[in-house]
Amino acid sequence: MTIKPELELLEQHVSFGGTQSVFRHQSQTVGGPMTFAVFVPPQTGPLPVVTYLSGLTCTHANVMDKGEYRRVAAQLGLIVVCPDTSPRGEGVPDDEAYDLGQGAGFYIDADERPYKQHYRMWSYITRELPALIQRHFDVDRARQGIFGHSMGGHGALTIGLTFPEVYRSVSAFSPIVAPSQVPWGQKAFTAYLGGDPARWRAHDAVALIEDGKRVEALLVDVGLADPFLERELKPELLEAACAGAGVDLTLRRHPGYDHSYLFISTLMEDHLRWHAERLKRASPAGSAETRPLTSLPETANV
């Protein structure tokens with residue numbers, strides 16, 4: 001009898017001395033196949049790992065193809081994991097709208113039909129995927145960070161605030177900071193969690209801070225030409241919540257930039273260096289600062 005391997009390799013490429021791979025596996029959490037990308041730098045481990053959560057309609061491929069993270073991750077010695085945004089495939093509930101169903105998991109565990117069987121992205125991201133990565137890659141469990149974009153920024157903030165002892169660095173591009181207060185979040189939370197707003201607070205970064213959750217520091221970047229800024233993102237709500245709670249928030253507003261991956265790729269180096277610095281501090285031996293590759297050009301921060 002042939003035993004199928006836990007990870008199915010879909011593609012693999014050498015980049016900046018490291019390896020960019022895409023894998024598929026059968027997820028027990030979501031009850032079907034899940035795909036993720038992982039970049040492993042050329043340094044030897046155990047290495048710090050950062051997980052990037054993508055936004056509405058995206059898969060692992062958007063940031064892998066457009067995010068421009070590999071050069072800096074290779075210099076800093078960071079493993080970068082890029083999961084999908086939802087379960088997919090035949091039998092997985094979907095919706096004709098882009099902001100619900102497949103591609104729009106919102107990084108929560110759904111309780112409502114028809115979504116509750118498969119839409120368990122919170123447990124997948126916080127439990128199953130990290131355990132899978134730890135089994136197959138040489139990662140330092142004490143040095144994990146999380147970041148993301150838009151819906152993924154929402155996921156990174158809420159997961160980081162809920163598990164600060166696990167995710168020692170947290171940042172976001174254009175995040176949905178208060179989904180309970182904006183149309184995207186209200187629609188998804190009603191469908192996945194039901195109509196009681198009190199149940200939504202555990203998945204709302206602003207509400208979590210108001211309810212006492214804390215992290216050491218946050219980095220958030222938004223573009224002032226982002227068409228979703230005023231209606232869906234509302235960074236001023238996060239700014240007010242952090243100020244009231246004493247959370248160290250670096251919120252940067254960038255004139256002319258929008259919601260696209262052109263914005264994300266412009267600031268990707270800043271975010272990876274932010275994570276590398278904080279994960280260095282998290283190392284008991286202070287050894288998380290990996291040696292830059294001398295064969296790669298040094299570039300200034302954005």
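In this predicted model, the largest share of the lining of the largest cavity, 5 residues, is supplied by helix α3. Helix α3 (121-136) is joined there by strands β4 (47-53) and β6 (139-149), and each of these three elements gives at least two residues to the lining. The residues around this space are Val49, Thr51, Val81, Ile125, Leu129, Pro130, Ile133, Gln134, Val139, Gln144 and Tyr167. Sorted by class, 8 of the lining residues are nonpolar and 3 are polar, while none is charged. The space inside the largest cavity comes to about 100 Å³. A search of the whole structure turns up 1 cavity of 30 Å³ or more.

The largest pocket holds about 160 Å³ of space. Its lining brings together Gly55, Leu56, Thr57, Cys58, Asn62, Tyr98, His149, Ser150, Trp184, Phe228, His259 and Tyr261. Here the classes are split into 6 nonpolar and 6 polar residues, again with no charged ones.

Once neighbours within four places in sequence are left aside, Leu238 is in contact with Leu157, Val177, Val206, Ile209, Val220 and Leu249.

Most residues other than glycine have a negative phi, and most peptide bonds are trans. Against this background, the peptide bond from Gly45 to Pro46 is cis, with omega near 5 degrees, and Pro46 sits in the loop between β3 (32-40) and β4. The bond from Arg113 to Pro114 is cis as well, with omega near 5 degrees. Pro114 belongs to the loop between β5 (79-83) and α3.

Phe106 lies in the loop between β5 and α3 too, and has a positive phi of about 60 degrees although it is not a glycine. Is Phe106 buried or exposed? With a relative accessible area of 0%, Phe106 is buried. Ser174, in the loop between β7 (167-173) and α5 (183-193), is another residue that is not a glycine but has a positive phi, of about 45 degrees. Ser174 counts as buried, at 0% relative accessibility.

The cysteines complete the description. A disulfide is a covalent bond between the sulfur atoms of two cysteines. How many disulfides are counted in the model? The count comes to 0. Cys58, for example, has its closest cysteine sulfur in Cys82, 11 Å away, which is too far for a bond, since the cut-off for a disulfide is 2.5 Å. Cys58 is part of the lining of the largest pocket and is buried, with a relative accessible area of 7%. Cys242 is buried too, at 1% relative accessible area.

Technical notes
Residues numbered from 1 in each chain as written. Predicted model: local features only at pLDDT ≥ 70, side-chain atom pairs only at ≥ 80, totals over all residues. Heavy atoms only, no water. 1 Å grid on protein atoms, 1.4 Å probe; cavity = no way out; pocket = protein on both sides within 12 Å on 5 of 7 lines; lining within 4 Å. Points joined across faces, edges and corners; volume = space filled by probe spheres on them. Helix = DSSP H or I, 4+ residues; strand = E, 2+ residues; numbered from the N terminus. Nonpolar A, V, L, I, M, F, W, Y, C, P; charged D, E, K, R; others polar. Contact = heavy atoms within 4.5 Å. Buried < 20%, exposed > 50% of the residue type's maximum accessible area, 1.4 Å probe, protein only.
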